[in-house]
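Work through the exercises below with the sequence and the model at hand. Try each task before reading its solution.

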Amino acid sequence: AVVSTQSTGQNIHIEFCNSIGQAFNRIYRTQVFQPVEQLLTASPRVKSLANPALKMSKSYGKPAGVIGLLDSDDVIQKKVKKAVTDSLGPITVDQNLRPGVYNLLSLYSAVSELPWSKVCETFVTGNVVQLKSELAECLIEKFGPVRD
């Protein structure tokens with residue numbers, strides 16, 4: 001069996017379940033529980049808009065870094081507009097040099113369901129303002145049905 005999870009943080013839970021299943025199978029001499037493997041999504045860890053070094057989480061106490069499914073259109077636009085990036089000019093794809101921009105590109109790829117290569121091709125000659133605007137619109141479109 002294969003389990004699809006969103007986060008690399010779920011790996012320990014899958015390993016734990018596998019251990020319990022294997023122990024059960026060994027004790028009762030059966031094969032009831034088959035080992036499962038983790039299948040990561042293209043964006044296994046969504047980063048904070050306020051600090052791209054951290055994962056997006058309400059626990060860090062920075063609501064500006066978190067996009068909520070029930071956030072209004074205006075709130076989503078404001079949060080994305082204020083997302084931490086840099087002022088290095090045209091967009092380049094470099095996770096180490098430009099973690100904020102890389103984070104927004106990753107988020108856009110995940111939400112739009114476009115392949116990473118297509119997202120990079122689309123924005124590589126653009127600017128951060130354009131990326132933020134299109135990301136906000138994409139998030140609003142994606143989360144609209146949840147709020148309605």
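The model is predicted: local features need pLDDT of at least 70, side-chain atom pairs count only at pLDDT 80 or more, and totals for chains, interfaces and linings use all residues. Residues are numbered from 1 along each chain as its sequence is written, and side-chain values use heavy atoms, with hydrogens and water left out.

**Exercise 1.** Describe how helix α3 and helix α5 pack.

Solution. Two packed helices are described by the angle between their axes and the distance between the axes. Helices are DSSP runs (H or I, at least four residues), numbered from the N terminus. Helix α3 covers residues 99–112 and helix α5 residues 128–147; the angle is about 30° and the axes are 10 Å apart. Axes are lines fitted to C-alpha atoms over the stretch in contact, with angles from 0 to 180 degrees between N-to-C directions. Next, list the contacts (heavy atoms within 4.5 Å). From α3 the residues include L104, L105 and Y108; from α5 they include L131, L135 and C138.

**Exercise 2.** Is N25 buried or exposed?

Solution. First locate N25: it is in helix α1, residues 11–27. Buried means under 20% relative accessible area, exposed over 50%, partly exposed in between (1.4 Å probe, protein chains only). N25 has 6% relative accessibility and therefore counts as buried. Leaving out residues up to four places away in sequence, N25 touches T30, Q31, V32 and F33.

**Exercise 3.** How far apart are D148 and L70 in sequence and in space?

Solution. D148 lies in the segment after α5. With a relative accessible area of 80%, D148 is exposed. D148 and L70 are separated by 78 residues in sequence and by 9.4 Å in space, C-alpha to C-alpha.

Conventions. Helix = DSSP H or I, 4+ residues; strand = E, 2+ residues; numbered from the N terminus.
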